[in-house]
Amino acid sequence: SRALSELYREGQTPQQAVLAQFLAEGHYTSHIRRMRHIYAARHDALIASIKQHFGASLPVIGGDAGLHLVLGLPSHLDDVAVAQRAASLNVVARPLSLYHLHQPASSRGLLLGYGAVDVNEIPENFARLAQAIEHFL
């Protein structure tokens with residue numbers, strides 16, 4: 001039967017040997033170091049863009065770790081509408097209020113991911129997002 005063949009299938013010895021060599025030669029550590037620098041540059045570019053467009057008027061929540069941060073919005077703004085307008089401008093931002101069962105005023109904001117965006121594209125992309133936000137301010 002298929003279950004029996006899956007249970008007793010051959011190991012992944014060649015792949016495991018290549019992975020072990022990759023780790024032993026320090027390539028993984030080098031990759032992690034390189035990615036930390038890349039993600040830090042993306043984070044810093046996003047923070048700089050936020051400050052350029054909004055100064056300190058919109059709070060940045062989190063962002064000390066990971067590949068996302070939250071841009072807080074005033075409680076009277078509909079973050080779903082802002083995200084939809086941003087999408088029409090080819091910018092993806094997740095409305096924070098969708099992550100709350102009960103929507104307190106503090107739940108208005110946008111979840112912004114920067115892990116997959118080239119550092120050179122962040123200022124232009126955020127400028128379009130800023131347009132979407134300013135439309136509702």
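This note goes through the predicted model above, point by point.

1. **Ground rules.** This is a predicted model, in which local features need pLDDT of at least 70, side-chain atom pairs count only at pLDDT 80 or more, and totals for chains, interfaces and linings use all residues. Residues are numbered from 1 along each chain as its sequence is written, and side-chain values use heavy atoms, with hydrogens and water left out.

2. **Confidence.** Start with pLDDT, the predictor's confidence in each residue, from 0 to 100. The protein has a mean of 89. In all, 90% of its residues reach 70 or more. Helix 5 has the highest confidence, at 97. Helix 1 (residues 2-7) has the lowest, at a mean of 68. Where pLDDT is low, the predicted coordinates should not be read in detail.

3. **The sheet.** Helices (H or I, at least four residues) and strands (E, at least two) are DSSP runs, numbered from the N terminus. Two strands pair if DSSP finds at least two bridges between them. Strand 2 (residues 68-72) and strand 4 have five bridges. Leu-69 has Leu-112 of strand 4 as its bridge partner.

4. Contact means heavy atoms within 4.5 Å.

5. **The core.** A nonpolar core is a set of buried Ala, Val, Leu, Ile, Met, Phe, Trp, Tyr and Cys residues joined through side-chain atoms within 4.5 Å. Buried means under 20% relative accessible area, exposed over 50%, and partly exposed in between (1.4 Å probe, protein chains only). The largest core has 24 residues. Leu-46, Leu-110 and Phe-126 are among those with the most contacts inside it. Helix 5 gives the most to this core, with six residues. Ile-133 shows the packing: leaving out residues up to four places away in sequence, its contacts include Phe-54, Leu-71, Val-82 and Leu-110.

6. **Salt bridges.** A salt bridge is a side-chain nitrogen of Lys or Arg within 4 Å of a carboxyl oxygen of Asp or Glu. How many are there by this rule? The count is two. In one, Arg-108 pairs with Asp-79, with the closest N and O atoms 3.6 Å apart. Arg-108 lies in the loop between strand 3 (94-95) and strand 4 (109-113), and Asp-79 in helix 4 (residues 79-88), so the pair ties together parts that are 29 residues apart in sequence. Asp-79 is buried because its relative accessibility is 0%. In the other, Glu-124 pairs with Arg-128 at 3.2 Å. Both lie in helix 5 (residues 122-136), four residues apart, about one turn of the helix. Glu-124 is exposed, at 53% relative accessibility.

7. **Two residues to check.** Is Ser-49 buried or exposed? Ser-49 is buried, at 3%. This residue of helix 3 contacts Ile-122, Pro-123 and Phe-126, leaving aside neighbours within four places in sequence. Asn-120 sits in the loop between strand 4 and helix 5. At 66% relative accessibility, Asn-120 counts as exposed.
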